[in-house]
Every structure is written in structure tokens, then in C-alpha cells.
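Subject: Handover of a structure

Dear colleague,

I am pleased to pass the structure below to you. My notes on what was found in it follow.

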Amino acid sequence: MVTYIIRRLLYSIPVLFAASVLIFVSVTAVGNPLAALKQNPLFSTQTIHNIQQRKHLNDSLPMQYAYWIKDAVTNKFGTPLLQPGTKIWDDLKRVIPHTLQLVLISEIFALIVGVAIGVYSAIRQYSIFDYAATTFSFLGFAMPVFWLALMLQILFTNIFIKWHVRIFYTSGLSSQNPGGGIHFWIDRLQHLAIPAMTLTLLSIAQYGRFMRASMLEVINSDYVRTARAKGLPERTVTLKHALRNALIPVVTVSALNFGALIGGAVITESIFQLDGMGPYFLGALLSQDAYVVMAWLMVTATAVVAFNLIADVLYGYIDPRIRFD
Amino acid sequence: MHRSHFRLILGVLVAVTSLIVAGAAGGASKKASAGSVTFGAEQEPPCLNGFTSGCNNTWTSWTAGIALASPLIVKPDFTIRPYMGNAKVLRKSPFTVLVTLNKKAKWSDGKQVTADDLIFTWQTIIDPKFDIAGRSGWDSIGRAVKVNSKAVKFIYKTPYAPYKVQFSTSVLPKHALEGLDFNTVWDSNYNNKSGQTMASGPYKLQSYTKGQSIVMVRNSSFWGKRPTLDKITFVFRTNTDTEIQAIRGGEVDAIYPQPQLQLAQLRGQSGLRVQTNAGTTLEHIDINTGAGNSTPLLGQAWFRQAIAYSLDRQGMVKQLFSTLNPGLPILNNLSYVNGQKGIYVPHFAKYQISSKAKRLAKVAAIMKAHNCTKGGDGIYTCGGERASVRLGTTAGNKLRELAVEIMQAQAKDAGIEFRADSQPSRLFFPRISTNKYDLALFAWVGTGDPAGQTDIYGIGGGSNWKGYNSQRVTNLLKASDAALDPKARIKLVNAADAQMALDVPTIPLYQKPTYFVFNSKLKGLVDNPTLQGPTWNTEAWKAG
């Protein structure tokens with residue numbers, strides 16, 4: 001197993017190198033990062049010249065790439081285009097934990113509920129519950145995230161206006177004086193609850209469908225029939241024999257989802273004003289800051305590679321038939 | 001019930017109850033009566049050093065920027081008044097301005113705000129090493145002479161009429177910043193070299209949590225009237241819908257959003273007060289009179305007048321803002337704005353004809369006088385040229401897109417076709433600035449002072465993307481730039497404006513309304529529609 005992990009990690013190096021080249025080429029292909037500034041009266045010729053010097057924008061593209069990689073490795077991804085006093089990595093270090101908190105909460109809830117719904121739908125195929133779960137899933141897939149987010153915001157605001165009880169906050173990460181320890185975390189949960197609900201409701205639909213399909217395939221297989229024939233209780237057959245194998249596709253999907261979500265649930269985080277990877281990326285795009293965009297893309301690419309590896313390792317634990325050579 | 005199920009249910013109940021109890025307590029602690037205000041800021045400053053191009057943003061000066069006072073201040077009525085000091089013309093030749101500072105003015109670290117700070121501010125702004133956002137006026141200063149510890153004479157190389165706007169800029173502390181790289185300093189704090197926060201305004205910066213909030217606390221060294229509130233917290237709420245729910249639900253006490261249609265619902269909300277004014281964002285249509293347009297008709301003043309007559313601007317403004325600001329007037333001057341009493345002359349008012357029949361008759365008369373004939377589709381053709389032009393704006397801006405639709409319909413009724421030509425701003429503005437357009441709806445952000453008009457309307461002006469070519473207007477505006485007598489300056493600018501109302505290189509539309517919403521328990525909050533913004537008088541704010 002250790003050899004396998006080390007080998008996969010070594011494979012990741014050329015993958016990430018290729019990703020860095022692709023990211024640099026695709027972002028620089030969009031155009032000169034100073035083009036928009038030249039139209040902006042707030043940026044004098046002297047200021048633009050200063051930025052060109054700082055960012056080596058007069059050098060050839062390969063040299064610019066080399067400077068960028070050097071900055072990324074030795075200088076915390078360097079600085080944004082216009083704020084030479086800020087380190088990009090310091091900003092990323094700030095926003096990644098915020099995104100992780102949201103993603104962890106929503107993915108865990110979504111997995112628990114989605115898997116449960118999927119399993120129950122499969123073993124009670126064509127029951128009222130199954131039809132209801134299917135309807136809910138289609139609703140979940142079809143529901144625009146911004147609409148659901150706004151509806152939940154309005155709902156909890158109206159609860160506050162009517163009963164003066166603040167169950168959940170509708171935006172932000174923390175109150176002004178949340179206190180320390182447990183008070184801080186309760187306050188944080190009150191802030192993350194609605195965005196987590198938004199993400200969870202959508203993910204439940206996805207995981208529920210995957211789990212149902214996978215479970216249906218497994219419960220009709222020979223070894224499950226054998227387990228039943230041995231006289232094992234239905235609960236043991238379902239949870240120990242069928243579920244474990246049926247989980248593999250869900251693990252793949254959730255690991256890839258998780259990796260991608262490290263890049264931020266852009267819409268959800270932006271609507272709820274959570275200082276995470278999503279709004280950070282959006283801000284960089286709007287201000288056309290190529291250096292921040294490239295750093296964000298590198299971090300996201302790394303997360304996707306890492307979670308792919310985690311998914312592969314998890315297969316071995318879930319299904320002992322899978323071995324790592 | 002199974003014991004483990006019971007425990008699970010009990011656990012969930014305890015968690016929900018504790019959230020509700022904590023939440024109720026949290027809600028109570030947010031009330032304005034606690035001596036603090038939570039302000040929902042619609043943008044987060046990119047960084048805090050608002051002097052530099054990368055950090056320059058209105059929300060930088062409206063939030064953390066209140067820590068740094070300026071000699072003069074722009075009041076809500078657009079007049080510029082003494083604040084931490086004063087600025088007066090001493091001599092016309094060479095143009096010399098005496099800037100004095102309040103004798104009590106000191107920094108939050110106890111040191112006096114001095115003449116050296118004023119000179120240091122000038123030297124920093126003109127230093128080419130630094131990425132300064134605006135050097136206008138400062139680069140006209142030839143030398144500075146210290147009169148005493150609280151007064152400096154600035155001697156200009158060339159006269160600079162809007163010197164009062166120039167000295168509405170914050171003063172920098174020399175002792176805190178000398179020798180430091182101004183491009184990188186004050187990125188996330190206003191500290192001096194020993195780590196103390198610097199302030200000359202009513203509040204000083206306590207903390208800046210990126211992505212979340214800026215906390216300002218009372219500056220006990222403030223030279224003016226003692227601020228009442230203990231603390232003002234700016235939290236970033238950049239999404240309009242989120243901002244609305246935050247103020248409805250009492251999560252913030254005040255917001256100052258861009259006018260959006262959804263805000264209308266706040267007017268009827270009990271416990272909230274709404275102030276709205278005509279601001280200094282001047283929405284207008286620029287007309288490309290020269291190369292780059294799609295029809296030579298745009299080069300003719302009579303055709304541009306016909307376009308102006310075809311539009312019912314008041315009707316359009318009513319449709320756009322009937323719920324947000326029912327009384328919003330249209331703009332009828334390109335240099336001055338509604339609210340500037342005795343200065344604002346509505347030269348473009350003649351183009352506003354509210355009666356549709358009379359409006360169409362006026363356009364028809366102009367077209368007939370120039371031998372234009374109406375085609376089967378109701379659009380005129382003049383000398384073989386169809387009266388069809390492109391009208392573009394920044395795609396995605398709902399109000400502007402709606403304005404374009406309304407004006408398309410109005411012009412079509414009058415026999416002129418506006419072809420939609422909107423693009424996202426990143427594509428739209430490069431086209432405008434390279435003269436590749438016919439009609440462009442966008443805005444200039446003004447100050448109420450006509451500084452910069454020569455650049456926009458003068459021959460060869462860097463922002464004269466209209467190809468407007470009036471020697472008379474250029475001469476009048478250039479003369480106004482050098483006119484030191486305010487009355488003479490107003491006269492020159494208005495003479496230029498009267499000429500432009502005949503030539504119609506631009507059609508002024510309206511001043512985008514400001515929209516200040518706050519908890520009605522708060523006192524002393526007064527909207528300042530100028531660039532000084534809603535936090536111009538935080539020392540007067542009181543919790544009810």
C-alpha cells in the first residue's frame with residue numbers, strides 16, 4: 001500500500017507540471033493582463049511601467065512562466081497584479097479552511113442522507129418512498145442553487161422578524177463577538193447552516209440516485225443471494241454484503257466532488273458571503289488578476305489529484321478484492 | 001424506543017435548542033443601542049492604502065479611510081468646506097494656496113498633524129516610484145514652503161482651479177511612513193513603525209479581517225467633536241439580495257447599495273429608514289460624431305438633436321426608478337448636477353418633451369427640414385442613409401439594459417432605429433475608448449466640480465472618444481481650468497455647456513440615485529451623494 005501511494009504521488013508530479021503549463025498558457029492566452037488597466041484613468045503610464053517591471057511582463061512567455069513557477073515555489077505564489085503588499089498564499093491559506101468547513105459539513109450530511117435514501121429506495125424498489133425519493137432527486141437536480149439559497153435566506157429572515165429568534169444567520173462567517181471555544185463554533189455553525197443546507201439538498205439528490213442504482217445492481221448479484229440462502233438476517237445482508245460493494249461508485253463520485261468543491265462552491269459561497277475559495281476566485285476573475293487566478297487553479301488541480309488518490313486508496317478498504325500492486 | 005435512538009434525538013434537540021438560545025442572544029447583542037453600528041459594505045477594499053491604484057476604491061475611503069482626515073470635506077450639497085484645516089488662494093501669480101491645519105489636529109499616537117505631513121503627502125503622491133491612483137493638481141505644484149508647524153504655502157507651476165477638490169484628500173503621517181515603500185505599506189493596517197494604528201479622523205482601525213470585516217473604534221485623540229459610538233463594524237455584503245436580507249433581519253444596521261430594483265421592498269419595511277438622493281454617477285449617452293461610427297448622419301448636429309428630441313428621458317427615469325426614487329430628476333447639464341444651487345443651468349431641458357405627440361412632431365419637423373423620408377418600416381432615410389444607429393451599454397447591468405430597451409422603443413416611435421450593441425464591460429470600454437461605437441450608454445463618476453471636462457470634451461482630450469471637435473468649447477473649458485475666480489469659472493463652464501447643448505456630443509440622462517438604508521433607531525446618518533459617501537460624518541452618528 002505504501003509503495004502504491006508513493007508511486008501515485010510520484011506520478012502526480014508530472015501531472016501537476018503539465019497542469020501548471022496548461023494553466024499558464026490558457027490564462028496568458030486570454031490577453032495582456034495590463035490591457036484593461038491601460039484604459040483606466042487611475043493607472044498612470046508610470047504605474048503601468050512599475051507593474052511591468054515587477055511582474056516581468058516585458059520578458060518572453062517562457063521566462064514569465066519561469067518567474068511564475070519560481071514565485072509559486074519560493075515566494076508563496078507571489079503577489080496579486082495590483083497589490084504588491086499582499087502574498088497570494090496568505091489569502092489562499094485564509095480561504096481554504098473556510099471552504100473546507102462548508103464542504104465537510106455539507107458532504108458528510110449529503111453522504112449520510114443520500115446513501116440512506118439510495119439504499120432504502122433500492123431495497124423498497126417501486127414503493128411510495130422510492131417514487132418520492134426519485135421525485136425529490138429530480139427536484140434537487142433541477143433546482144437552481146441561487147434560488148434555493150435566496151428562499152432559505154428569506155425563510156430564516158422572516159422567522160427572525162416574526163419571532164425575534166435567530167436560529168441561523170443569512171450571511172457571513174462569524175458574528176462580531178462570537179466568543180471563544182464552544183461559543184465560537186456554535187456561532188460558526190449558525191452561519192454555515194443555511195449554505196450547508198443549500199449544498200446538502202442538491203448533493204443528496206445526486207448521491208441518492210447513484211446509491212440506488214449501484215445498490216440495485218448489487219442486491220441482485222449471486223453472492224448476495226448466497227448470503228440470503230445461508231440464512232443471514234436481511235439487515236446483515238444489506239449492510240455488510242451489499243452496501244459495502246455498492247459504495248464504490250459513490251466513493252468515486254464523492255471524492256471527485258470533494259476535490260472539485262475545494263475550489264469553492266462559487267455560487268453558494270458568494271451568495272452567503274462566506275470568505276472561501278469561490279468568492280476569492282470570482283473576485284480575481286472580476287479584477288482580471290491573472291496571478292491570483294493561476295494560483296487558485298493550481299491549488300484546485302492539486303486538490304483534485306489528491307482526492308483521486310484518496311478515492312483509489314479507499315477502494316482497497318471498502319472492497320478487499322481490490323489490491324494495490 | 002431503542003436507547004440509542006433516544007440519545008440521538010436528545011442530542012439533536014439539545015443542539016437545536018442551544019443554537020436557538022445562542023442565536024437569540026446574538027440577535028440581541030446586535031442592536032444599535034449598544035453604542036455600535038454594523039454597516040454592510042457592498043464592496044471589500046482590495047487593500048487599505050487608498051492612495052495607490054490597486055487599493056483605490058470608494059469603499060476603501062468609506063470604511064477604513066474614515067481614519068484619515070483631510071483639510072477640506074465635500075458636503076452633501078456639493079460645497080467644499082473646512083474640516084481638519086482649510087485651503088485658501090494667497091496669490092494668483094504664481095498661483096499659491098495656503099493650507100492650514102486645525103491647531104488641535106493630532107494623530108492617534110499623540111503626535112501633532114503638521115505642515116511636514118502636508119508636504120510629505122504631496123511628495124509621496126508625486127513620487128514616480130509609487131503607484132498612485134491620481135496625481136491631478138499635485139503634479140502642478142512646483143514647491144512647498146512651510147509657514148509654521150500648522151501651515152504650508154503650495155506654489156503651483158500652473159494655476160489649478162479645482163484646488164479645493166485636491167485638498168479633500170487625506171493627509172499622510174510623515175513620521176509613520178517616511179522611508180517605507182508606499183506601494184506595499186498599509187496593505188491591511190494603518191500602523192506606524194512601532195505598530196500603533198494611525199488615525200486623524202473620528203475613528204481608528206482596530207482590525208481588518210480580510211473577506212469578513214473592518215472594525216473601527218473611537219479615536220480618543222480626535223481633534224473635533226467626540227464621536228458618540230464606540231465602534232463601527234463594516235461587514236462585507238457584496239450580493240444585493242443578501243444585503244437586503246441582512247438589513248431586514250437586523251444582521252446589519254445600515255447598507256449603501258447600488259440602486260437595484262429589489263431594493264424597493266425595503267421602503268415599506270418597519271424599523272428601517274431610507275434616504276435617497278441624486279448622486280454623482282452621471283449616466284449619459286456618448287455619441288460618436290467622427291471616425292468609427294456606422295453612419296455619417298452622426299456627424300451632423302441636427303441628427304444628434306433629433307435623437308435627443310426622440311427620447312423621453314423623464315419617462316424613462318420614471319420607469320426605472322418609480323419605486324426606488326420616484327422624484328429623481330433627469331440631468332440637463334454635462335458639467336454640473338441637480339442640487340448645485342445657483343450653478344446648475346439646465347441647458348439640455350429643451351430636449352425633454354413629455355407629450356409623445358409633440359415629441360414625435362418635433363423630430364418629424366427636423367427630419368423633414370433635412371429631406372428625410374420615412375420608409376415602410378417607419379424608419380427615416382436621409383440622403384440615402386438609414387436613420388439606424390447602434391446603442392450599446394455594459395451588458396449585465398440590468399438598469400442600463402432596461403434603459404436601452406425603453407429608449408429603443410421611444411426612438412423607434414420617432415422613426416430612428418437603435419440597434420442593440422451591448423457587451424460585457426471588459427469588451428465594451430476598450431471599444432468606446434478606440435471610437436468603435438455609435439451611441440454608448442455609460443457613466444462618469446463626478447465630484448460636482450467640472451475638473452476634467454477638457455479631457456472629456458476638448459479637442460485632443462484623452463477621454464474625448466466622441467470625436468467632438470468644437471474649438472469654442474475647447475477654449476472655454478481650457479479657460480475655466482485656469483480661472484481662479486469661482487464665479488468666472490462657473491460662467492465659462494456653463495457657456496461651454498450651452499454650446500454642447502446645441503452640438504449634442506452627449507445626451508445627459510440622470511444622476512444615479514444613492515440609496516442609504518439604515519435602522520431607524522440610529523441618529524445622525526445623512527446621505528452624502530458625493531464621493532465623500534455615507535460615512536462622511538461618522539462622528540455625528542448616534543445609537544438610539
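**Aromatic rings**

In chain B, a cluster is formed through ring pairs by B:Phe39, B:Trp59, B:Trp62, B:Phe234, B:Tyr256, B:Phe516, B:Phe518 and B:Trp541. Please note that the model is a predicted one.

Over all chains, the count of aromatic pairs comes to 37. One of these pairs is made by B:Phe321 and B:Tyr510: the ring centres are 5.2 Å apart and the planes stand at 70 degrees, so the pair is classed as edge-to-face. B:Phe321 belongs to helix α8 (residues 313-321) of chain B and B:Tyr510 to strand β19 (residues 506-519) of chain B, so the pair ties together parts that are 189 residues apart in sequence. Both B:Phe321 and B:Tyr510 are buried.

Rings of chain A also have charged residues over them. A:Lys55 lies over the face of A:Tyr291, 4.3 Å from the ring centre. Likewise, A:Arg166 lies over the face of A:Phe160, and here the distance to the ring centre is 3.8 Å.

**Strand β1 of chain B**

B:Phe39, named above as a member of the ring cluster, is also one of the residues of β1(B) that are buried. Strand β1 (residues 36-41) of chain B is largely enclosed by the rest of the structure, because 6 of its 6 residues are buried. From β1(B), B:Ser36, B:Thr38 and B:Gly40 point one way, while B:Val37, B:Phe39 and B:Ala41 point the other way.

With which strands does β1(B) pair in the parallel sense? One is strand β10 (residues 231-236) of chain B, which is joined to β1(B) over 6 bridges; within this pairing, B:Thr38 has B:Thr233 as its bridge partner. Another is strand β11 (residues 254-255) of chain B, where the parallel pairing with β1(B) runs over 2 bridges. There, the bridge partner of B:Phe39 is B:Ala254.

As background, the strands of a sheet pair through backbone hydrogen bonds, in either a parallel or an antiparallel manner.

Strand β4 (residues 85-92) and strand β5 (residues 95-101) of chain B are paired in the antiparallel sense over 7 bridges. The two strands, β4(B) and β5(B), form a hairpin, and 2 residues lie between them. B:Asn86 has B:Thr100 of β5(B) standing opposite.

Chain B also holds an open sheet of 3 strands in the order β13-β14-β15, with antiparallel pairing. Its edge strands are β13 (372-374) and β15 (385-386) of chain B, each of which pairs on one side only. Strand β14 (residues 380-382) of chain B runs antiparallel to β13(B) and is joined to it by 3 bridges. In that pairing, B:Thr373 has B:Thr381 of β14(B) as its bridge partner.

**A serine in chain A**

Lastly, I draw your attention to A:Ser137, which is found in helix α6 (residues 128-142) of chain A. Is A:Ser137 buried or exposed? With a relative accessible area of 4%, A:Ser137 is under the 20% cut-off and is therefore counted as buried. A polar atom of the A:Ser137 side chain lies 2.8 Å from the backbone oxygen of A:Ala133. When neighbours within four places in sequence are left aside, A:Ser137 is in contact with A:Ala205 and A:Arg209.

Yours sincerely

Conventions:
Residues numbered from 1 in each chain as written. Chains lettered and ligands numbered in written order. Predicted model: local features only at pLDDT ≥ 70, side-chain atom pairs only at ≥ 80, totals over all residues. Heavy atoms only, no water. Pairing = 2+ DSSP bridges. Helix = DSSP H or I, 4+ residues; strand = E, 2+ residues; numbered from the N terminus. Buried < 20%, exposed > 50% of the residue type's maximum accessible area, 1.4 Å probe, protein only. Polar contact = N/O pair within 3.5 Å; in protein donor to acceptor, adjacent residues only side chain to side chain. Contact = heavy atoms within 4.5 Å. Phe/Tyr/Trp six-rings, centres within 6.5 Å; stacked < 30°, edge-to-face > 60°. Lys NZ or Arg CZ within 6 Å of the ring centre and 35° of its normal.
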